[in-house]
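Subject: Structure handover

Hello,

Here is the structure I promised you. Please open it next to this email and follow along.

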Amino acid sequence: MNILAFESSCDETAAAVVRDGRTVLSSVIASSADMHAIYGGVVPEIASRKHVEAIAGLAEEALRQSGLSKQEVDAVAVTYAPGLIGAVLVGVNFAKSVALALGVPLIPVHHVRGHIAANYIAHPDLEPPFVCLCVSGGTTLIVAVEDYTRMEILGGTRDDAAGECFDKTARVLGLGYPGGAPLDTLAQAGSDTVYVFPRAHVEGHPLDMSFSGLKTAVINLVHNASQKGEELDLPGLAASFSAAVSDSLVPRVMEANRRTGWNKIAVAGGVAANSRIRRDLETACAQAGARLWLPPLSLCGDNAAMIGCQGYYEYLAGHLAGADLNAYAVRDIRQDAPN
C-alpha cells in the first residue's frame, strides 16, 4: 500500500511516500526555522504562510523521488492534530483536496503517534507493546503503546514540555532558535556539577513531571548574573541543565517499564536527539536488562515519513476521515482520529 503523507504542525512542511508502513520511498522537508530565528521562536502566521507556499511543490517532489505516478497512490495521510492550528489547517485542507482529486481514502494521523511510528521505520523489528518516551517542543509524555493504535498515558508534564524548556534556556543563553542542538553541543564541553538545578516531583503521581521550575531557575540565574556583572560558566550551565532534564525523564521511564514488565523502551520526538538523554537511557536500560530503541537523528524532528508510517496502521484499524475533517490544536493521543 502506497501512502502519500503530509506534515505541517509547526515550522516544517513535509511530504513523503511510504509503502506498507515501514518502507520510505521518499521524504522531503522544507523548514522555515531560519525566518523564525529572527524572532526567537515560531511565529504562527509566518509558519502558516510558508506551508501554503511549499506544500504543493513538496507533494510533487515526493512523488517524483518515489518513482510512483499519482495513479499508484493508494491513500493520503495527514497530521490533523496537535499543533499550531493555522499550520495544521494548511496540511489538512491540502491533503483533503489531494485525496478527493485522486479518489483515495484520507487518513488522519495524530502528530505524536507519528513520532512514535518513526521508530518502526528505523527499527523493523520493533512491535508493540512497549513504553515510549515522547519528548518534543510541545509534548512530554510517557506512553504505553499497547498496540499500533491503542495507547495509554502513564505519565507526563504538568506544565512546560521538556523541549520548550530547552528552547527557552537556549534563548536566554543567546544560542538562538531552534536551541536544542547548539545547547547540546555547548553542554558537551562542560561539567554537569557546576550548577544545581531543581528536579521536580508531583506528590502522589510518581510518573508525572514539571519543568516550569527548572526553566525559571535558569532564567533567574542568568538574569542575576547579568545584573551583578558576574560571568557564567556557559558550558557548565548547559551541562547542568541537560542533566536536570535527563534526571527528570529517565528514572520515570524506567519505572514505567518496571510497572509494565515489557522491558521494551522507545523514544520519540525532537528532544530524543539530545545526547545526554540518549546516553542516560542507554546506561539505565543496560542496567535493567531492557531493550532500547532510539530513532536516528534524521527521524527525531518533524517529517512526513512518520505520518505515512502511522497512517498505514490507522488505515488498518479503519480510522479514516472525509471532507469534513477538521484540524485541532490539542488532541489526546488516546483518542482515535474522528471518522
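**The pocket**

The lining of the largest pocket divides into 21 nonpolar, 19 polar and ten charged residues. Here Ala, Val, Leu, Ile, Met, Phe, Trp, Tyr, Cys and Pro count as nonpolar, Asp, Glu, Lys and Arg as charged, and the others, Gly among them, as polar.

Before going on, please note how the model was handled. This is a predicted model: local features need pLDDT of at least 70, side-chain atom pairs count only at pLDDT 80 or more, and totals for chains, interfaces and linings use all residues. Residues are numbered from 1 along each chain as its sequence is written, and side-chain values use heavy atoms, with hydrogens and water left out.

Back to the pocket. The largest pocket holds about 1,500 Å³ of space. A pocket is found on a 1 Å grid over the protein atoms alone, using a 1.4 Å probe; a pocket is an open set of points with protein on both sides within 12 Å along at least five of seven lines, a cavity is a set where the probe fits but cannot get out, and lining residues have an atom within 4 Å of a point. Grid points are joined across faces, edges and corners, and the volume is the space filled by probe spheres set on the points.

In total, 50 residues line the largest pocket. Cys10, Ser136, Gly137, Gly138 and Asp167 lie nearest its centre. Two or more lining residues come from each of helix 4 (111–122), strand 7 (140–145), helix 5 (162–172) and helix 6 (180–187). Helix 5 gives the largest share, six residues. Helices (H or I, at least four residues) and strands (E, at least two) are DSSP runs, numbered from the N terminus.

**Helix pairs**

Two packed helices are described by the angle between their axes and the distance between the axes. Axes are lines fitted to C-alpha atoms, for helices over the stretch in contact, and angles run from 0 to 180 degrees between N-to-C directions.

Take helix 5 and helix 8 (residues 234–260). Their axes come within 11 Å and cross at roughly 170 degrees. The two helices are therefore roughly antiparallel. Angles under 35 degrees count as roughly parallel, over 145 as roughly antiparallel, 65 to 115 as roughly perpendicular and the rest as oblique. Ala162, Cys165, Phe166 and Thr169 of helix 5 make the contact with Phe241, Ser242 and Val245 of helix 8. Contact means heavy atoms within 4.5 Å. Of these contact residues, five are nonpolar, two polar and none charged.

Now helix 4 and helix 10 (residues 305–316). Their axes come within 7 Å and cross at roughly 95 degrees. Helix 4 and helix 10 are therefore roughly perpendicular. The contact residues divide into nine nonpolar, four polar and two charged. Among them are Tyr120 of helix 4 and Tyr313 of helix 10.

Two strands pair if DSSP finds at least two bridges between them.

Strand 4 (residues 75–81) pairs with strand 5 in the parallel sense over five bridges. Alanine 77 stands opposite isoleucine 107 in strand 5.

Strand 6 (residues 130–135) and strand 9 (residues 264–268) run parallel, joined by four bridges. Cysteine 134 has alanine 268 of strand 9 as its bridge partner.

Most residues other than glycine have a negative phi, and most peptide bonds are trans. Aspartate 20 has a positive phi, near 55 degrees, and lies in the loop between strand 2 and strand 3. The bond from alanine 81 to proline 82 is cis, with omega near -20 degrees. Proline 82 lies in the loop between strand 4 and helix 3.

Best wishes
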